Amino acid sequence: MTISHQATSPRAGSAAASAPPHLAIVLVSLAMGGFAIGTTEFASMSLLPFFAADLGIDEPTAGHAISAYALGVVLGAPLIAVLGARFARRTQLLALMAVFALGNALTALAPGYGSMIAARFLSGLPHGAYFGIAALVAASLVPQHRRSQAVGQVMLGLTSATIIGVPLANLIGQAVGWRASFGLVSVLALLTILLCALFAPRDRAGSSDPLRELGALRSGRVWITLAIGAIGFGGMFAVYTYLATTLIEVTKVSPTVIPFFLAVFGIGATLGNLFVPRFADRALMPTAGVILLFAAVALMVFPLAAGNPWLLAADVFAIGASVSLGAILQTRLMDVAGDAQALAAALNHSAFNTANALGPFLGGLAIREGLGWTSTGPVGAALALLGLLIWAIAARDTGPARVTSRRDAGSPTKAPTAPAAGVGS
């Protein structure tokens with residue numbers, strides 16, 4: 001399957017929108033990378049008590065491994081997006097997954113705390129750029145009004161990882177050892193390389209100018225969209241990072257039950273990514289505001305539900321559903337980034353992982369101050385409400401979209417219904 005530069009230009013909108021062969025297989029191939037990334041990102045949090053004990057460090061110190069991964073994403077996403085502007089998207093996908101496979105293999109083999117920190121940083125470098133490029137590829141295959149759904153389906157790889165990959169990695173970590181869990185992620189990355197090599201569109205080398213990509217950094221609309229995710233998403237990570245310990249210390253469940261709660265979170269995230277983007281395609285920013293308010297309520301309820309496993313399961317499901325905000329903000333960035341589509345798409349995941357560093361850090365501070373494991377809920381709610389405040393400022397900007405480079409925006413102006421049926425079904 002070949003996608004040419006001309007096929008995605010405004011003058012060839014119909015050609016770009018014609019359904020490529022095996023559209024569903026392309027989306028599944030892209031989503032497999034998300035599955036591998038989601039497994040390592042969230043499993044590392046659930047495995048925190050186990051590798052902390054093995055490395056002889058306390059859990060807040062072990063949490064630095066999570067922050068190191070997040071830092072890799074924050075730095076790697078914009079850097080790789082700019083440096084890779086002249087490379088074909090398919091080539092970038094394959095190279096990014098190769099680095100990701102190496103980073104997780106080194107994590108599995110890390111002999112000590114320092115080497116693990118370095119390996120997690122390396123693992124995080126390709127994360128944001130991969131999701132950014134995958135989102136642009138998916139959006140380029142469908143009509144403009146289906147972009148949120150296409151991006152959401154790519155993100156299903158990440159959310160389905162929280163149903164299957166993370167609980168499986170946690171079970172393997174408990175039964176065999178945490179190192180085997182990261183080895184599993186490396187294998188998933190190699191599988192993604194194979195699928196993308198077979199099915200990802202064979203596009204031409206990128207025509208973007210790295211300096212033009214950097215133009216996204218001059219846009220206030222881009223920065224405020226990124227701020228919504230960087231702050232608003234932090235609440236979910238504040239709770240999720242310490243969920244396993246909260247279940248053991250507060251809910252008083254057996255460690256063997258932890259994968260069940262991780263799967264419940266994943267089901268909420270997956271269903272959110274399936275259904276919420278359908279509303280976002282009709283009312284993008286209002287949907288984002290509703291999700292932030294919904295997340296704030298769910299996080300505030302967390303301390304009240306933590307004592308009862310069934311109530312906690314319901315609340316964890318609700319918190320998981322708020323992950324759908326990621327696909328919404330990704331589409332918003334496509335609308336406001338102008339020609340700098342690749343950089344803006346990657347920066348969305350820098351923002352996401354800024355939240356991944358900020359939430360656990362603030363939650364850990366609350367715990368260290370003696371406020372208890374459930375204090376992560378109010379901390380998270382405060383972050384979600386702050387994100388809602390930033391959203392309110394962004395929502396006042398009702399100016400037109402500034403997507404001007406159709407090769408990068410990946411969205412034809414007019415499209416027949418064929419690809420829409422493939423993605424929207």
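What share of the contacts in the chain with a separation of 6 or more comes from residues 24 or more positions apart? The share is 86%, where contact means heavy atoms within 4.5 Å.

This is a predicted model, in which local features need pLDDT of at least 70, side-chain atom pairs count only at pLDDT 80 or more, and totals for chains, interfaces and linings use all residues. Residues are numbered from 1 along each chain as its sequence is written, and side-chain values use heavy atoms, with hydrogens and water left out.

**Whole chain**

Start with everything selected. The chain has 21 helices and zero strands. Both are DSSP runs numbered from the N terminus: helices are H or I with at least four residues, strands E with at least two. Of the 425 residues, 61% count as buried. Buried means under 20% relative accessible area, exposed over 50%, and partly exposed in between, with a 1.4 Å probe and protein chains only.

**Stop 1: helix α9**

Select residues 178-199, the 22 residues of helix α9. The expected span is 1.5 Å times one less than the number of residues. For α9 that should be 32 Å, and the end C-alpha atoms are 32 Å apart, which agrees. Now colour the buried positions: Trp 178, Ser 181, Phe 182, Val 185, Ser 186, Leu 188, Ala 189, Thr 192, Leu 195 and Cys 196. An α-helix has 3.6 residues a turn, so residues three or four places apart point the same way.

**Stop 2: α5 against α9**

The crossing of α5 and α9 is left-handed, meaning that the near helix is turned anticlockwise from the far one by less than a right angle.

Show side chains at the contact. From α5, pick residues including Arg 90, Leu 94, Met 97, Phe 100 and Asn 104. From α9, pick among others Trp 178, Arg 179, Phe 182, Ile 193 and Cys 196. By class, the contact has 16 nonpolar, five polar and two charged residues. Ala, Val, Leu, Ile, Met, Phe, Trp, Tyr, Cys and Pro count as nonpolar, Asp, Glu, Lys and Arg as charged, and the others, Gly among them, as polar.

**Stop 3: Thr 39**

Go to Thr 39 in helix α2, residues 23-46. Its relative accessibility is 0%, so Thr 39 counts as buried. Leaving out residues up to four places away in sequence, Thr 39 touches Ser 44, Ala 161, Gly 165, Val 166, Ala 169, Val 185 and Leu 188. Val 185 and Leu 188 are among the buried residues of α9.

**Stop 4**

Is Lys 252 buried or exposed? At 62% relative accessibility, Lys 252 counts as exposed. Find it in the loop between α13 (243-251) and α14 (258-280). Lys 252 is not a glycine, yet has a positive phi of about 65°.

Move on to Phe 261, in helix α14. Phe 261 is buried, at 2% relative accessible area. Beyond four places in sequence, Phe 261 touches Leu 247, Pro 309, Leu 312, Ala 313 and Val 316. The C-alpha atoms of Phe 261 and Leu 247 are 8.8 Å apart.

**Stop 4: Ala 381**

Finish in helix α19, residues 376-395, at Ala 381. Ala 381 is buried, with 1% relative accessible area. Neighbours within four places aside, Ala 381 is in contact with Ala 296, Leu 299 and Met 300. Also label Met 236: 145 residues apart along the chain, its C-alpha atom and that of Ala 381 are separated by 8.5 Å.
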